[in-house]
Amino acid sequence: MTYEYLLTGLPELKAGSDAPISLEKLDELLDEQLSQSDKKLLDLLRVPIDEATLEEGLKAKNRFVQEWFAFNRDINNVMVAQICRKHGFNAKQQIVGEDEVAEQLRTHSAQKDFGLNELSGDYQAVLALAQIEDLMQREKAIDAIRFEWLQERTEFDFFSSEMVFAYYLEAVMLHRWSLLTVEEGEKVFRALVADLKKDIKLD
């Protein structure tokens, strides 16, 4: 199903700018105009990615949704591996999944780049982000990578459901950062790191 009328009526989104449409209004429009099957897929994208939703997303009957969840899993795994290395912890039990990125991170922990250079994909950019000291800047940089992925992934998906999904995800990121202060950003990030440390076991 295509959504030419819906997408041509939505304001353009630009990375680094404030979202030109509220999430409440966007949700209302999407709920009104998406098919039932596309609404179910959108609902997967609306909730935070955790162990349960990751499994569901990876099994979704839509390639874009599957790839989005896999992409975020890989980013998170790379960041977790870097954080564990920095604090001297064993990352093997914290890496999620059995894909090639997860396996590389588990088996090549002694290599500076975890051997990721052997795989296709811009994992070097994610590794570089772990070196950014400013927590707010680091999180925004990660979202910038996500934003770019969404733009590239839907470059030729004119008026498709995938383009609608990408628009929603981009709007969520822009809206989140327009509301977040530096102090709030650091608080959120430190809480995530604290939770990670709590669950990590030493070698």
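Begin by selecting helix α3 (residues 36-46) together with α9 (161-179): the two pack at an angle of about 25°, with their axes 11 Å apart. Axes here are lines fitted to C-alpha atoms, for helices over the stretch in contact, and angles run from 0 to 180 degrees between N-to-C directions. The model is predicted, so local features need pLDDT of at least 70 and side-chain atom pairs count only at pLDDT 80 or more, while totals for chains, interfaces and linings use all residues. Residues are numbered from 1 along each chain as its sequence is written, and side-chain values use heavy atoms, with hydrogens and water left out. Helices are DSSP runs (H or I, at least four residues), numbered from the N terminus.

The angle makes α3 and α9 roughly parallel to each other (angles under 35 degrees count as roughly parallel, over 145 as roughly antiparallel, 65 to 115 as roughly perpendicular and the rest as oblique). Next, display the side chains where they meet: Asp-38, Leu-41, Leu-42, Leu-45 and Arg-46 of α3, and Ser-161, Phe-165, Tyr-168 and Leu-169 of α9. Contact means heavy atoms within 4.5 Å.

Move on to α4 and α5, whose axes come within 8 Å and cross at roughly 140°. These two helices are therefore oblique to each other. On the α4 side, select Thr-53, Leu-54, Gly-57 and Leu-58; they meet Val-65, Gln-66, Phe-69, Ala-70 and Arg-73 in α5.

Remain on helix α5 and select Gln-82. Is this residue buried or exposed? Gln-82 counts as buried because its relative accessibility is 10%. Leaving aside neighbours within four places in sequence, Gln-82 is in contact with Phe-114, Leu-127, Ala-130 and Gln-131.

Which residues does Thr-154 contact, apart from its neighbours within four places in sequence? They are Phe-64, Glu-162, Met-163 and Ala-166.

How values were computed. Buried < 20%, exposed > 50% of the residue type's maximum accessible area, 1.4 Å probe, protein only.
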